[in-house]
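Have the structure open as you read.

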Amino acid sequence: MSDRVTFNCTDISVSFGTQFGRHVVLDDLSLDVDRGQRVVLVGENGSGKSTLLRVLAGTLRCDRGQVDRPAGRIAMMTQVPPWSPDTTVEAVMDASIRWATRLTTAVEEAGAALADRPGDPAAERDLSDALAAAEAADAWSADTTRDAAVGHLLPGIDPGLRIGELSGGQVGRLQIVDLLARQPSALLLDEPTNHLDADAVDVLVGHLRGFVGPVVAASHDRQFIEDVATGVLDLDPGRGSPRVVPGGWTAYRAARSLAQEQWREDFAAHRTAEAVVGQRRREAARDRRIPPPRDNDKFIPKAKAQQADRTRAARLRRADVDRARLAADRVPKPPRPLHLRAEVLTAAGPQGVLLSAQRVAVAARLSATRLDVTHGDRILVVGPNGAGKSTLLQVLAGTLAPSSGEVLRQPGVRVGHLDQDPPPMDPNLSPRQWFDGVRRPEATPELVELGLIRPRDLDRPVGELSAGQRRRLALAATIARPPHVLLLDEPTDHLSLSLVEELEAALLSSPGAVVVASHDRWLRSRWDGEVNELAPAHSRPHIS
């Protein structure tokens with residue numbers, strides 16, 4: 001058996017066919033991730049992070065290039081859980097240790113075969129090999145490991161519950177249980193902290209720090225990157241092939257800032273050099289002046305004309321050589337990053353209390369909760385998975401009726417709600433068509449004016465967009481006509497890191513009220529508004 005412990009990609013390229021032709025996602029990318037290394041992929045939505053993970057997992061073939069994978073089991077945590085809504089928790093937990101069941105069953109079968117053929121060398125060898133494989137994998141402790149993970153992450157959960165009955169956070173916790181129980185030799189993680197509360201993230205971070213195999217993760221979670229990464233790979237278009245920046249988020253952000261500034265300076269210097277060489281060549285090309293003769297010697301003008309031609313030709317050759325050198329060493333123009341260009345995310349609107357939740361509760365999802373949202377409020381809703389953060393926002397938005405209590409809304413108040421998951425979108429429509437179909441007539445900005453979708457993606461089918469691009473499209477529809485109250489459920493999930501920072505800054509400067517439900521530890525540690533903490537079911541929230 002191979003003892004390879006490294007993910008290795010050499011000059012891989014991946015493209016997808018679209019109605020506009022081939023769309024190149026990864027181009028001549030090389031990457032090595034060795035035992036004990038944890039590389040986090042970052043980049044704009046659609047830059048190829050999930051695509052690269054699928055290539056490393058072996059579920060997507062690249063157009064060209066070489067891919068080598070570690071020996072043993074490779075576990076992948078995907079953004080969309082691989083289970084149907086009808087799958088039970090018990091079925092997931094049983095499947096997570098199926099590898100161990102196979103190994104222990106092989107030992108039992110080999111033992112039975114040896115009992116039937118005592119002294120048979122082949123049967124003895126089969127039993128020895130089966131025992132060695134099971135012991136090396138610690139197969140007999142798999143159910144204990146799984147049960148311990150369940151007890152820590154999903155205490156008291158009913159194994160008969162179906163996936164569709166769990167909250168997003170509980171599904172995320174179940175994914176971690178599945179990950180731990182599989183005991184893989186290598187890990188691939190696609191936005192692993194989405195929907196997870198702080199306790200669950202701490203469990204995941206602790207496991208990753210102690211994991212001995214290679215880890216490749218795609219994440220927009222700045223605190224997760226800071227805590228876990230040994231290196232960061234930026235897949236946004238850049239100069240040359242992407243390279244891994246050692247360290248976490250702080251180190252990467254500093255290196256990115258320096259690199260972008262150097263790129264801008266180099267591009268400006270290159271443009272100046274091109275202009276100088278072009279001017280020299282134009283001057284040489286039109287310089288046909290021949291000094292007039294000083295006497296009646298008819299040969300002097302001819303000789304001087306020949307000398308002028310030779311000088312002009314030499315100047316042209318030097319200019320052409322310099323121009324060719326500049327073309328060979330061309331510095332590409334730095335790409336213009338997406339910028340949130342909405343002047344405000346919320347409108348000023350009425351004064352006083354805009355929304356008031358009067359002891360609202362939703363059976364099995366949200367305990368009785370009171371919350372007043374006043375003009376200018378900045379409220380952060382926090383709490384463990386299952387406490388009802390998303391449910392509370394849905395009740396405030398009016399998309400979910402409470403089991404008890406009521407929500408009072410001041411007349412004329414507009415409420416905008418960005419849910420955790422993008423709304424249903426016709427995959428055949430373009431972002432421009434979908435946006436025009438859902439925005440209110442009073443909303444004046446065009447989609448491109450908000451800076452959330454690149455011009456090149458405006459007319460691509462929605463079905464070809466990444467999860468992050470669809471989330472940005474939903475955000476654009478939410479703020480096209482700025483609401484008086486903006487409800488944001490995990491707004492930093494799926495968004496690129498640059499847009500997340502701009503969104504956070506815009507929230508501070510918008511005149512209306514904002515209610516944010518988030519597990520983002522980076523955002524929470526810097527929040528300077530009110531914090532509303534929802535406790536688990538049947539406990540009263542604490543407001544600070």
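Start with the open sheet: six strands, ordered S5-S6-S7-S3-S8-S9, with mixed pairing. At its edges you'll find strand S5 (74-77) and strand S9 (244-246), each of which pairs on one side only. Neighbouring strands in this sheet are turned by 20° against each other on average, ignoring direction. Keep in mind that this is a predicted model.

Strands of a sheet pair through backbone hydrogen bonds, either parallel or antiparallel. Here S5 and strand S6 (residues 186-190) run parallel, joined by four bridges. To find your bearings, look for Ile74, which stands opposite Ala186 in S6.

Next, the helices. Helix H6 (residues 168-182) lies across S5 and S6, and runs at about 175° to S5. Helix H7 (residues 198-210) also packs on the sheet, where it touches strand S3 (38-42), S6 and strand S7 (215-218). The direction of H7 makes about 145° with that of S6.

Ala364 isn't a glycine, yet it has a positive phi of about 65°. You'll spot Ala364 in the loop between strand S10 (353-362) and strand S11 (366-374). Glu490, another residue other than glycine, has a positive phi near 50°, and sits in the loop between strand S15 (485-489) and helix H14 (497-509).

Are these two buried or exposed? Ala364 has a relative accessible area of 85%, so it is exposed. Glu490 counts as buried because its relative accessibility is 3%, and buried means under 20%.

Notes: Residues are numbered from 1 along each chain as its sequence is written. This is a predicted model: local features need pLDDT of at least 70, side-chain atom pairs count only at pLDDT 80 or more; totals for chains, interfaces and linings use all residues. Side-chain values use heavy atoms; hydrogens and water are left out. Helices (H or I, at least four residues) and strands (E, at least two) are DSSP runs, numbered from the N terminus. Buried means under 20% relative accessible area, exposed over 50%, partly exposed in between (1.4 Å probe, protein chains only). Two strands pair if DSSP finds at least two bridges between them. Axes are lines fitted to C-alpha atoms, for helices over the stretch in contact, and angles run from 0 to 180 degrees between N-to-C directions. Contact means heavy atoms within 4.5 Å.
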